[in-house]
Amino acid sequence: MSNRESLLGRCVATGLTWFGQDCPLCGAASGPELLCAACAGDLPVLPAYCPRCALPAPGGSICGSCLADPPHFDRTTALWLYEFPCDRLVQALKYRAWLALAGFFAFRLASRPLPEVDLIVPMPLHPRRLADRGFNQALEIARGLARHLGRPIAPRGVLRVKDTPPQTALPYEERAKNVRGAFLCKLDLSGASVAVLDDVMTTGATLNDLARALKRAGATRVENLVVARTVPR
Ligand SMILES: [Zn+2]
Ligand SMILES: [Zn+2]
C-alpha cells in the first residue's frame, strides 16, 4: 500500500483531512480543505424556502401546507438541495463511510445562523441498520456540530423502535404512515429546545414523527438541521 493510500485510509477512519489532498469531486488540489473552492461554491443552493419545512416558498414565508397543517417541528435549516453533487457527498458519507464529510457538513451547518438549543438529537437509526452500517451518519455530523456549538448531544436517549422500509421505496402518500410511531424518547425534555440533526430531509415525515415524540417528552421547540433537502419537481 502506498503512503498516500494508507494516509487516506487513516483519514477515512478518523474523519481527519490532510494537507495537499485532491478535491473528491473534481480532483483539483484542495489544500487543507475537503472540497476545492470552486466545487464548494457550486453546491446546489436552495431557493428561498419556508422556514418551517424548507420547501421553496416565495420570499421565504411560511408555506400554505405548513399553515394548513403545521408539522410538529418548528423550524428547518437546510444547507443544500439534495441534487448533484451534494447527493454524491451524502452517499459517500453514508455508504462509503467517508467520515471526513461529517466534519465538513458540521462545519458548514455551524456557519449558519442557528437557534440557541439545549440539546442536539441525531436522527436515530434502527439497531438492525446500525449493525449493518456500523455507524450512524447523523450522529457523526452531530458530534462535529456539538463541538462547534458547545451544546450537549443525546446519542442514546431517543430510540428508533420500528425498522421502517426506506422512505424512497414508498409512494409519497404512504410515507407518513410508514414512520408513524417509529420513535421512543426516554429523556425528560420538559421545557427544552431541541435541535434534530439529519442528513437528508425527503418528505419530512420521519422528522415530523421524531418531533412528535420529542414534544410528547416535553420539548417546547424542535428545530431540524439537515444537510440536504429533497424538493419535489
Ligand atoms: Zn473540486
Ligand atoms: Zn412549509
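## Disulfides and the model

A disulfide is a pair of cysteine sulfur atoms within 2.5 Å. By that criterion, a search of the whole structure finds zero disulfides.

The structure is a predicted model, in which local features need pLDDT of at least 70 and side-chain atom pairs count only at pLDDT 80 or more, while totals for chains, interfaces and linings use all residues. Residues are numbered from 1 along each chain as its sequence is written, ligands are numbered from 1 in the order in which they are written, and side-chain values use heavy atoms, with hydrogens and water left out.

## Zinc ion (ligand 1)

Cys23, Cys26, Cys36 and Cys39 coordinate the zinc ion (ligand 1) through their SG atoms at 2.3 to 2.4 Å. Donors here are N, O and S atoms within 2.8 Å of the metal (3.2 Å for Na, K and Ca); water is not among the atoms, so sites may look incomplete. The angles among the four donor atoms are 104 to 117°, and the site is tetrahedral (four donors, all angles between 85 and 135 degrees). The donor residues follow the spacing C-x2-C-x9-C-x2-C.

Cys26 sits in the loop between β1 (21–22) and β2 (29–31), and Cys36 in the loop between β2 and α2, so the pair ties together parts that are 10 residues apart in sequence. Helices (H or I, at least four residues) and strands (E, at least two) are DSSP runs, numbered from the N terminus. Cys26 is partly exposed, at 46% relative accessible area, whereas Cys36 is buried, at 9%. Buried means under 20% relative accessible area, exposed over 50%, and partly exposed in between (1.4 Å probe, protein chains only).

## Zinc ion (ligand 2)

The zinc ion (ligand 2) has the SG atoms of Cys50, Cys53, Cys63 and Cys66 as protein donors, 2.3 Å away. This site is also tetrahedral, with angles of 106 to 115° among its four donor atoms, and its donor residues are spaced C-x2-C-x9-C-x2-C. Cys50 is buried at 0% relative accessibility and Cys63 at 12%; Cys66 is buried too.

## Nonpolar cores

A nonpolar core is a set of buried Ala, Val, Leu, Ile, Met, Phe, Trp, Tyr and Cys residues joined through side-chain atoms within 4.5 Å. The largest has 36 residues, and those with the most contacts inside it are Trp80, Leu93, Leu101, Phe105, Ile141 and Leu197. Elements giving two or more residues to this core include α4 (86–96), α5 (100–110) and β7 (193–201); α5 gives the most, with seven residues.

Beyond its neighbours within four places in sequence, Leu101 is in contact (heavy atoms within 4.5 Å) with Leu34, Leu89, Ala92 and Leu93. A second, separate core has 35 residues, among them Leu81, Leu119, Ala138 and Val231.

Methods. Four donors count as tetrahedral if all angles lie between 85 and 135 degrees; four count as square planar and six as octahedral if opposite donors are over 155 degrees apart and all others between 65 and 115; anything else is irregular.
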